[in-house]
Amino acid sequence: HNSFEDHQERDRWNRHDFQELTYHVATTCDLCMKKLSATLRPPPALECKNCHLKIHKDHVHSSTLEIPVCKFKTGVRQMLLMADSESLCQQWVKSLMMIKKISEGVRPLKSSLSRHSTMQT
């Protein structure tokens with residue numbers, strides 16, 4: 001599903017995952033601090049699904065205001081859900097399991113040095 005244009009769009013949006021919304025209760029834009037709500041005809045708005053940044057839809061194509069980078073940290077579970085296919089997801093899981101096994105097999109240097117230094121004294 002993710003095309004090159006989608007990736008460019010997300011980069012321009014600074015990694016936000018925006019959804020279009022309308023606000024009927026008092027809400028302000030996080031960029032320009034103007035009203036983002038109206039009882040009858042609210043202006044088109046966007047809210048990031050992850051960090052909940054709320055902005056006027058017009059700001060996305062504006063060159064005067066810069067959209068800040070999304071502060072949401074993606075976890076492993078979310079990364080696996082973003083895999084393009086089940087086989088890619090399985091490859092990621094296999095790689096993560098291998099990394100986990102390798103890291104469990106490696107002893108911290110400090111503990112092996114402390115044992116070595118006690119043997120010499």
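An open sheet of three strands, in the order S1-S2-S3 and with antiparallel pairing, is the topic here, where strands are DSSP runs (E, at least two residues) numbered from the N terminus and two strands pair if DSSP finds at least two bridges between them. This is a predicted model, in which local features need pLDDT of at least 70, side-chain atom pairs count only at pLDDT 80 or more, and totals for chains, interfaces and linings use all residues. Residues are numbered from 1 along each chain as its sequence is written, and side-chain values use heavy atoms, with hydrogens and water left out.

- Strand S1 (18-21) and strand S3 (54-56) are the edge strands, each pairing on one side only.
- S1 and S2 run antiparallel and are joined by four bridges, and Phe18 has Cys48 in S2 as its bridge partner.
- Strand S2 (residues 45-48) also pairs with S3 in the antiparallel sense, over three bridges, and Glu47 has Lys54 in S3 as its bridge partner.

**The hairpin**
- S2 and S3 form a hairpin with five residues between them, and His52 in the turn has a positive phi of about 65°.

**Side chains of S2**
- In a regular strand the side chains alternate between the two faces of the sheet.
- From S2, Ala45 and Glu47 point one way while Leu46 and Cys48 point the other way, and all are buried, meaning under 20% relative accessible area (1.4 Å probe, protein chains only).

Methods
Buried < 20%, exposed > 50% of the residue type's maximum accessible area, 1.4 Å probe, protein only.
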